[in-house]
Amino acid sequence: MDIKEWENSFHGPSGVTRIHQIWSQIQSRSYLDNPLFYEYLCVCIFLAISEHVKISYNLKLNDDFEPKSVAPSGKPDIVVEFDNFFLVIEATLRPIDGKVDHFSHLKLIDSINNVMGLLVVPDIQKVDDQVWNTYKAYFNHDKDRKSTRLNSSHSQQSRMPSSA
């Protein structure tokens, strides 16, 4: 089997069954490295469900297409290219481990239009304030950048003070 055959093997009912088996093993903690298999699970899910133009993942696989290592720090776990946008996916079991760089690499691909980020965690209630504050800072930076761009391209109109 080659990589394309492996990727296509997740389509259909047998692929869904394999995905369910991986998830069950993660939940029962049967894997020695659950974060590695969680990232692998997310790759498998997006291979199965998305009608994409291209999918890239930085997870390393061994010769049997089993996960060998997670995506390196500073690189996205998964990037799914669709016709009109890119979806950058970060999968983590540890959203509260003090690392909030899940989307720091978005700045590297900021020049691409229509990029959306998706953080995949098994329990949203475990995401801490530090992670939320990082996202807010990123989106406020993006909003400020758009605001500056809009202000520089539109002429200023004088307004009467509201007290007038």
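Author: Terms first, then. Two strands pair if DSSP finds at least two bridges between them. Helices (H or I, at least four residues) and strands (E, at least two) are DSSP runs, numbered from the N terminus. The model is predicted: local features need pLDDT of at least 70, side-chain atom pairs count only at pLDDT 80 or more, and totals for chains, interfaces and linings use all residues. Residues are numbered from 1 along each chain as its sequence is written, and side-chain values use heavy atoms, leaving out hydrogens and water.

Reader: OK. In strand 5, what is the bridge partner of glutamate 81?

Author: Phenylalanine 86. Strand 4 and strand 5 run antiparallel, joined by 4 bridges. A hairpin of 4 residues links strand 4 to strand 5.

Reader: And which residue stands opposite serine 56 in strand 4?

Author: Valine 79. Strand 1 and strand 4 (residues 78-81) are antiparallel too, over 4 bridges.

Reader: What's the strand order in the open sheet?

Author: It is 1-4-5-6, 4 strands with mixed pairing. Strand 1 (54-57) and strand 6 (115-120) are the edges, each pairing on one side only. From one strand to the next, the twist averages 15 degrees.

Reader: Switching to helices. What does helix 3 lie across?

Author: Helix 3 (residues 34-49) lies across strand 1, strand 4, strand 5 (86-91) and strand 6. Its angle to strand 5 is about 150 degrees. Axes are lines fitted to C-alpha atoms, for helices over the stretch in contact (heavy atoms within 4.5 Å). Angles run from 0 to 180 degrees between N-to-C directions.

Reader: How do helix 2 and helix 3 cross?

Author: Helix 2 (residues 13-27) and helix 3 have axes that come within 10 Å and cross at roughly 160 degrees. That makes helix 2 roughly antiparallel to helix 3 (angles over 145 degrees count as such).

Reader: Which residues of helix 2 meet helix 3?

Author: Ile19, Ile22, Trp23, Gln25 and Ile26. Their partners in helix 3 include Phe37, Leu41 and Ala48.

Reader: Last topic: where is confidence lowest and highest in the chain?

Author: Helix 4 (residues 129-153) is lowest, at a mean pLDDT of 56, and strand 2 (residues 60-61) is highest, at 94. pLDDT is the predictor's confidence in each residue, from 0 to 100. Over residues 146-164 it is below 50, and beyond near neighbours in sequence this stretch has 0 contacts in the model.

How values were computed:
Parallel < 35°, antiparallel > 145°, perpendicular 65-115°, else oblique.
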